[in-house]
Amino acid sequence: MVKIYVLRYGHRPSRDKRITTHVALVARAFGAHGFILSNVNDDTVVNSLKKVEERWGGSLHVETGVNPYSYVKNWKRNHGVVVHLTMYGIHIDEIIDEIRNTDRDILVIVGAEKVPRFFYEEADYNVAIGHQPHSEVAALAIFLDRYYRGRELHLSFPNAKIIIEPSPKGKKVRVIGEKEKKERRTKIQTR
Ligand code: SAM
């Protein structure tokens with residue numbers, strides 16, 4: 001199975017906590033396997049993600065304070081594919097089938113501040129989610145959704161403690177008992 005890791009470039013702890021947390025939450029909820037926070041450590045982001053995972057399940061691989069230059073070089077050395085999301089790239093509609101057809105792991109880079117030239121050049125694919133400026137959260141969500149063809153929206157995490165009972169009105173959440181947890185572990189289609 002192809003693994004998808006998300007690398008967040010340029011996180012500024014003073015102003016990006018919320019949006020970087022949302023990048024990590026989208027990575028988890030939309031079927032990525034790893035979240036890499038480059039250059040800095042930020043406990044707020046990691047703790048928010050862990051809190052969500054503790055209740056709703058999932059086990060995203062997380063690394064922080066990582067040098068993004070060597071991480072990308074290393075990813076490619078290990079035969080991984082590098083996708084950089086940028087409005088200047090090739091429109092997703094033109095390239096997503098080719099990306100989906102690779103059987104190599106994928107590193108998806110999203111920026112915060114200006115992304116250096118290095119990443120444009122090292123990327124196997126510079127992919128535009130349309131050619132208008134918007135948001136790293138939206139860009140990542142749409143990339144993963146197109147990659148998984150919407151199946152990720154049915155993801156279920158076997159280690160969840162609570163799950164939602166869909167309801168037309170109001171909020172229904174159910175706590176999962178130990179027996180059900182075991183059954184779910186064997187039954188659930190996670191991707
Ligand atoms: N000003 C920054 C620059 O010039 O690189 C970009 C800031 S933008 C808010 C942050 C990130 O969102 C970008 O680095 C990119 O990853 C993502 N992004 C925004 N719009 C996008 C689009 N149309 N297609 C793909 N990614 C996009």
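Guide: Let's start in α6, where E136, V137, A139, L140, A141, F143, L144, Y147 and Y148 are buried. Buried means under 20% relative accessible area, exposed means over 50%, and partly exposed is in between, with a 1.4 Å probe and protein chains only. Do keep in mind that this is a predicted model, where local features need pLDDT of at least 70, side-chain atom pairs count only at pLDDT 80 or more, and totals for chains, interfaces and linings use all residues. Residues are numbered from 1 along each chain as its sequence is written, and side-chain values use heavy atoms, with hydrogens and water left out.

Visitor: What do the buried residues of α6 pack against?

Guide: They pack against β1 (4–8), α1 (17–29), β4 (81–91), α4 and β5. Contact here means heavy atoms within 4.5 Å. Helices (H or I, at least four residues) and strands (E, at least two) are DSSP runs, numbered from the N terminus.

Visitor: How do you know what span to expect for α6, and what does α6 reach?

Guide: The expected span is 1.5 Å times one less than the number of residues. With 13 residues, α6 reaches 18 Å from first C-alpha to last, close to the 18 Å expected.

Visitor: What is found at the start of α6?

Guide: A side-chain oxygen of S135 comes within 2.9 Å of the backbone nitrogen of V137. A polar contact is a pair of N or O atoms within 3.5 Å; within protein, one must be able to donate a hydrogen and the other to accept it, and residues adjacent in sequence count only if both atoms are side-chain atoms.

Visitor: Why is R149 called exposed, and what is N39 called?

Guide: R149 has 54% relative accessibility, so it counts as exposed. N39 has 47%, so it counts as partly exposed.

Visitor: Why is T102 called buried?

Guide: Its relative accessibility is 16%, so T102 passes as buried. T102 sits in the loop between α4 (92–100) and β5 (106–110). The side chain of T102 reaches the backbone nitrogen of R104 at 3.1 Å. Leaving aside neighbours within four places in sequence, T102 is in contact with V2 and V81.

Visitor: Which class does E165 fall into?

Guide: E165 has a relative accessible area of 30%, so it is partly exposed. E165 lies in the loop between β7 and β8 (173–175). The side chains of E165 and R174 are joined by a polar contact of 2.3 Å.

Visitor: How is the chain divided into domains?

Guide: There is domain 1 (4–154) and domain 2 (156–191), with bounds from an automatic or database domain assignment. Their contact takes 11 residues from domain 1 and 10 residues from domain 2.
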